[in-house]
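Have the model open while you read.

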Amino acid sequence: MASRPSSWLLRAVTAVTATPFVLCEDSESKAETVNSKQQPRFSSFSSFPSTKQNVAAPTPTANAKPRSSLSSPYIVATQSRVLLEFDPSYNDAEHTRTGDSKPSVTEDDGDTAKEHDAHDSTTEKEKHAQEDSYPNFSRHGKNALLPKYLTKELYMELVNETTENGVNLEHVIRAGVCLPHGAQPPRGISGVFAGDASSYRTFAKLFLPLLEDFHHTPKYRKHNNKQTQQQQQQDQQQKQTPQNQSRSLQRFQSNLNPQHLLKHQLDPDGTYILYTRMRLARSIESFSFGPCISRSDRRRVEGLLKTCVQDWNLNKHNKLTGGKYLSLLEMTNAQHEDLIRRRLLFRDPSEFDISAGLGRDWPDARGIFCDDWENTSIMIWVNAPEDHLWIISNSKGGNVQSVFTKLSQAVWALETSLKHQGYSFVEDKRLGFLNSCPSNIGPALKASVYVKLPRISRLPGFYKLIRNLRLEAISSYERSDKRFTGIFDIANAESLGKSEVELINIMIRGVGILIELEKKLENGDQVDLYTEIDKLGGAPLND
């Protein structure tokens with residue numbers, strides 16, 4: 001049986017505390033050499049500060065006892081991790097170097113060896129337990145992204161990782177593993193939610209491929225007709241690492257300037273567009289996101305908005321002057337139902353929201369701000385349904401430019417008031433504004449119009465045309481289960497990689513084409529949607 005390290009060494013290992021220190025015979029240069037090798041794992045997320053710190057070795061005191069001349073391993077302990085680096089001339093089997101005497105073996109060495117064996121056995125059991133905890137994805141839909149990218153190997157690599165706020169892998173995927181029997185993927189990205197901003201860095205090996213797959217960031221190059229098959233294969237090989245996946249995104253640039261919108265009026269007569277609505281999601285720095293935020297922090301977020309409202313009412317030149325915040329706990333049942341009927345208030349959390357941790361303590365610290373409770377044009381939802389703040393602008397008719405102007409003014413007023421309180425929105429230089437759901441990052445904008453398309457929507461190829469226009473459509477029939485009305489909620493399908501103005505201009509162009517085709521059908525003209533798709537070129541967004 002091979003002999004064990006000497007007792008003084010093993011006692012030094014067991015005495016390691018959470019405070020970083022260095023124990024060695026050599027000078028502090030060895031500790032600096034070891035610490036200098038530790039590099040950030042994901043340099044693409046440079047906006048997140050590193051939590052690791054290098055601490056110099058303590059200076060020996062005058063009363064320190066002389067150490068043995070034995071050349072032993074020197075120990076570098078950093079937080080909960082212990083690194084052992086051995087002297088090349090150290091003989092592990094003999095516990096001695098040439099010219100040194102062999103140290104005696106005491107009873108303490110035998111007891112420590114047994115403890116060491118027990119520790120190895122416990123570590124092996126923990127490893128098997130972690131392997132057994134890998135989720136069962138056998139009943140997930142064929143299009144589910146979570147089992148596609150969260151392999152068992154990746155699970156084992158990330159299962160012990162945590163962010164500085166204590167968010168772990170199980171927090172991130174818990175909604176994705178709560179799917180009912182035979183279900184298709186839920187909304188969002190297959191039930192994956194970020195517990196805080198650092199989740200995108202700590203679990204980047206899971207988030208980055210999910211983001212690229214869901215947001216289709218490489219597909220625009222893939223469907224370029226000038227690109228050869230060999231070039232496509234080279235692009236695919238270059239996207240294998242998380243670093244290259246993140247480089248496929250350019251630096252995010254927010255643009256909320258209404259002057260950059262297209263001037264085209266979609267429906268000046270109000271014949272087709274019934275309603276226009278735009279929503280921005282924003283999270284506040286220093287707080288965990290909805291799935292993992294504490295009760296006290298959620299109340300602090302609500303308190304920040306209440307302070308903003310007070311500032312707006314004191315500033316008579318502010319566009320939000322005169323508005324009022326109302327907490328859910330203060331509402332009557334009649335007020336609650338009226339606001340939901342008018343589509344001003346969020347609904348209670350669904351089973352999926354609860355499984356993701358978004359419905360905890362409901363309805364504590366949730367509420368709504370309205371600039372005018374009778375003729376509402378600006379709303380701000382607090383702590384519901386997913387993120388800290390949702391800023392919403394809406395209006396009857398199809399004046400997209402006016403709705404966006406009010407939205408940009410509200411966001412500017414909110415951001416300014418938060419900065420006066422020492423807070424700002426969470427933003428990454430490439431991913432843009434970060435929120436709990438990875439499908440809702442970047443500009444985090446959803447711009448939609450409720451438009452009547454009773455004729456064109458009955459033609460073959462309607463939904464494919466919608467996808468080629470980079471839009472998505474939800475029928476009111478699907479929502480109400482009543483008779484077909486031909487009314488659709490048409491919204492931008494893209495998010496990541498574009499600014500707010502770019503997304504709204506895509507929506508303006510696409511809805512304008514749909515209305516023109518609807519007018520042709522009204523006049524008795526023949527319309528072939530597949531011909532119109534060929535004119536657009538490219539490929540559907542989710543092909």
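## Two cis prolines

P385 sits in the loop that links β7 (378–382) to β8 (389–396), where helices (H or I, at least four residues) and strands (E, at least two) are DSSP runs numbered from the N terminus. The peptide bond between A384 and P385 is cis, with omega at about -10 degrees. This is a predicted model, so local features need pLDDT of at least 70 and side-chain atom pairs count only at pLDDT 80 or more, while totals for chains, interfaces and linings use all residues. Residues are numbered from 1 along each chain as its sequence is written, and side-chain values use heavy atoms, with hydrogens and water left out.

Now for another cis bond: W362 and P363 are joined by one, with omega about 0 degrees. P363 belongs to the loop between α15 (351–355) and β6 (367–370).

## Positive phi without glycine

The loop between α15 and β6 also holds A365. A365 isn't a glycine, yet its phi is positive, about 65 degrees. Is A365 buried or exposed? A365 is buried, at 2% relative accessible area (buried means under 20%, exposed over 50%, partly exposed in between, using a 1.4 Å probe and protein chains only).

R470 does something along those lines: its phi is positive at about 60 degrees, and it is no glycine either. Look for R470 in the loop between α17 (462–468) and β12 (471–475). As background, most residues other than glycine have a negative phi, and most peptide bonds are trans.

## A helix pair

Helix α16 (residues 400–420) and helix α19 (residues 500–522) have axes that come within 12 Å and cross at roughly 160 degrees. Axes here are lines fitted to C-alpha atoms, for helices over the stretch in contact, with angles running from 0 to 180 degrees between N-to-C directions. That makes α16 and α19 roughly antiparallel (angles over 145 degrees count as such; under 35 is roughly parallel, 65 to 115 roughly perpendicular and the rest oblique).

Which residues meet? V400, Q401 and F404 of α16 touch E500, V501, I504, M507 and I508 of α19, contact meaning heavy atoms within 4.5 Å. Further along, α19 includes E516, which is partly exposed at 44% relative accessible area. E516 and L266 are 250 residues apart in sequence but 9.7 Å apart in space, C-alpha to C-alpha.

## Cysteines

How many disulfides turn up in the whole structure? The search finds zero, a disulfide being a pair of cysteine sulfur atoms within 2.5 Å. C370 is buried at 0% relative accessible area, whereas C292 is partly exposed at 21%.
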